[in-house]
Amino acid sequence: LIGVELGVETVVETVVETVVEAPVVAPRTPFHMQLAHTLMTEEAIYGIILVSGMIVVSESVAVDSYRAFVTVLGTVLVFWAAHVYAGSLARFGREAGGGDVRVAVRSSLRHSSGMLIAAIAPLTFLLLGGMQVLDDDAAMWLALGVDTPILAVLGYVGVARWSRSRWTRAGSALVTAAFGAIVVLLKVFVH
């Protein structure tokens with residue numbers, strides 16, 4: 001009987017230790033929430049405006065949408081790498097006595113990923129033009145035009161997090177979209 005009791009106590013102790021020491025697993029964040037969090041960063045909004053500007057500039061240098069695609073993609077990757085480096089350096093430098101380089105780089109990669117994601121829609125139109133699925137002019141205009149509504153949505157959603165006023169949200173959407181519209185107007189006047 002004593003041996004059985006010791007066995008039960010040992011099992012109970014093991015179960016208690018396992019439950020107490022088990023890591024807490026956070027519920028998985030839905031994909032749309034992760035995407036919204038990634039796109040609601042200054043890097044993503046800056047990335048959209050950067051891509052729009054690069055499309056305007058690349059069209060004056062590149063004669064077709066494929067070359068514009070390569071130019072814009074290369075520029076976005078260079079700016080993204082610079083953001084990751086600067087973010088890693090800043091995060092690493094904030095820690096007294098240094099810090100963990102891997103943590104700083106991982107954090108910066110996660111924070112700067114919005115710049116890459118924001119470039120997907122316009123780059124897709126440019127690539128479709130480069131593959132002759134779309135006419136070059138149509139591809140350029142669609143790539144440029146898709147950025148303004150994206151900026152409007154980001155402006156609306158960003159303010160919706162802290163304001164219930166539809167007017168405030170709409171005003172933010174208009175101001176944010178205006179950055180994209182200014183670049184479109186620049187294209188109209190330059191060309």
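**The α7–α8 contact and its surroundings**

Reply: Start at the contact itself. On the α7 side, the residues are Ala143, Leu144 and Gly145. Their partners in α8 are Asp147, Thr148 and Pro149. Sorted by class, this contact holds 3 nonpolar, 2 polar and 1 charged residues. Asp147 supplies the charge, because Asp counts as charged.

Now the geometry. The model is predicted. Helix α7 covers residues 136-145, and helix α8 covers residues 147-160. Their axes lie 5 Å apart and meet at an angle of about 10°. α7 is therefore roughly parallel to α8; the cut-off for that label is an angle under 35 degrees.

Most residues other than glycine have a negative phi. Is Gln132 buried or exposed? Gln132 has 62% relative accessibility, so it counts as exposed.

α6 itself spans residues 120-130. Its buried residues are Pro122, Leu123, Leu126 and Gly129. Viewed down the axis of α6, these buried residues fall within an arc of 115°, so they line one face of the helix. An α-helix has 3.6 residues a turn, so residues three or four places apart point the same way.

Next, go forward to α9, residues 166-190. Thr176 belongs to this helix. Which residues does Thr176 touch, leaving aside its neighbours within four places in sequence? Thr176 is in contact with Leu151 and Gly155. Both partners fall in α8, which runs over residues 147-160. Thr176 counts as buried, because its relative accessibility is 13% and the limit is under 20%.

For another helix pair, look at α4 and α5. α4 is residues 65-94 and α5 is residues 101-118. Their axes come within 8 Å and cross at roughly 145°. The crossing of α4 past α5 is right-handed. α4 contributes Val76, Leu77, Phe79, Trp80, His83, Val84, Gly87, Ser88, Arg91 and Phe92. α5 contributes Val101, Ala104, Val105, Ser107, Ser108, Leu109, His111, Ser112, Ser113, Met115 and Leu116. The residues of this contact divide into 12 nonpolar, 8 polar and 1 charged. Arg91 is the charged one, because Arg belongs to the charged class.

Phe92 is found in α4. With a relative accessible area of 28%, Phe92 is partly exposed. How far apart are the C-alpha atoms of Phe92 and Ala104? They are separated by 5.5 Å, and the two residues are 12 apart along the chain. Both also take part in the contact of α4 with α5.

Finally, the whole chain. The protein has 9 helices and 0 strands. Read along the sequence, the pattern is α-α-α-α-α-α-α-α-α. There are 191 residues, and 31% of them count as buried. Take the contacts with a separation of 6 or more: residues 24 or more positions apart account for 69% of them.

Key: Residues are numbered from 1 along each chain as its sequence is written. This is a predicted model: local features need pLDDT of at least 70, side-chain atom pairs count only at pLDDT 80 or more; totals for chains, interfaces and linings use all residues. Side-chain values use heavy atoms; hydrogens and water are left out. Axes are lines fitted to C-alpha atoms, for helices over the stretch in contact, and angles run from 0 to 180 degrees between N-to-C directions. Helices (H or I, at least four residues) and strands (E, at least two) are DSSP runs, numbered from the N terminus. A crossing is left-handed if the near helix is turned anticlockwise from the far one by less than a right angle, and right-handed if clockwise. Contact means heavy atoms within 4.5 Å. Buried means under 20% relative accessible area, exposed over 50%, partly exposed in between (1.4 Å probe, protein chains only). The arc is that of the directions from the helix axis to the C-beta atoms. Angles under 35 degrees count as roughly parallel, over 145 as roughly antiparallel, 65 to 115 as roughly perpendicular and the rest as oblique.
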